[in-house]
Amino acid sequence: MNGTEGETTGDERVDAAMARLGELEGAKTAAHPEIFQDVHRRLQDALSGIDGEQA
């Protein structure tokens, strides 16, 4: 398991990115890089959006 089940970060974008990691278990190894790249892109997008948010 990926350790993210039942855990949330409080940020929907990050939670959605982390949920993609759950797809690794059922995916063929050849699909893993695509999943990791998508998770990385989503997390980068969430981080870059922080500057425009009000706390």
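The protein exposes about 4,300 Å², and carbon and sulfur atoms supply 53% of that area. The model is a predicted one. Of its 55 residues, 16% count as buried. The secondary structure consists of 2 helices and 0 strands.

| Helix | Residues | Residues in the contact between α1 and α2 |
|---|---|---|
| α1 | residues 12-20 | R13, V14, A16, A17 and R20 |
| α2 | residues 32-48 | I35, D38, V39, R42, L43 and A46 |

Helix α1 packs against helix α2 at an angle of about 170 degrees, and their axes lie 9 Å apart. Because angles over 145 degrees count as roughly antiparallel, α1 is roughly antiparallel to α2. By class, the contact of α1 with α2 comprises 7 nonpolar, no polar and 4 charged residues.

The largest nonpolar core has 5 residues, namely A17, L21, L24, I35 and V39. In soluble globular proteins, nonpolar side chains tend to be buried together. Apart from its neighbours within four places in sequence, A17 is in contact with V39, R42 and L43.

L47 is placed in helix α2. This residue has a relative accessibility of 57%, and L47 therefore counts as exposed, the cut-off being over 50%. L47 and V14 are 33 residues apart in sequence, while their C-alpha atoms are 9.1 Å apart in space.

Terms used:
Residues are numbered from 1 along each chain as its sequence is written. This is a predicted model: local features need pLDDT of at least 70, side-chain atom pairs count only at pLDDT 80 or more; totals for chains, interfaces and linings use all residues. Side-chain values use heavy atoms; hydrogens and water are left out. Helices (H or I, at least four residues) and strands (E, at least two) are DSSP runs, numbered from the N terminus. Buried means under 20% relative accessible area, exposed over 50%, partly exposed in between (1.4 Å probe, protein chains only). Accessible areas come from the Shrake-Rupley method with a 1.4 Å probe; for residues, only the protein chains shown count as cover. Axes are lines fitted to C-alpha atoms, for helices over the stretch in contact, and angles run from 0 to 180 degrees between N-to-C directions. Angles under 35 degrees count as roughly parallel, over 145 as roughly antiparallel, 65 to 115 as roughly perpendicular and the rest as oblique. Contact means heavy atoms within 4.5 Å. Ala, Val, Leu, Ile, Met, Phe, Trp, Tyr, Cys and Pro count as nonpolar, Asp, Glu, Lys and Arg as charged, and the others, Gly among them, as polar. A nonpolar core is a set of buried Ala, Val, Leu, Ile, Met, Phe, Trp, Tyr and Cys residues joined through side-chain atoms within 4.5 Å.
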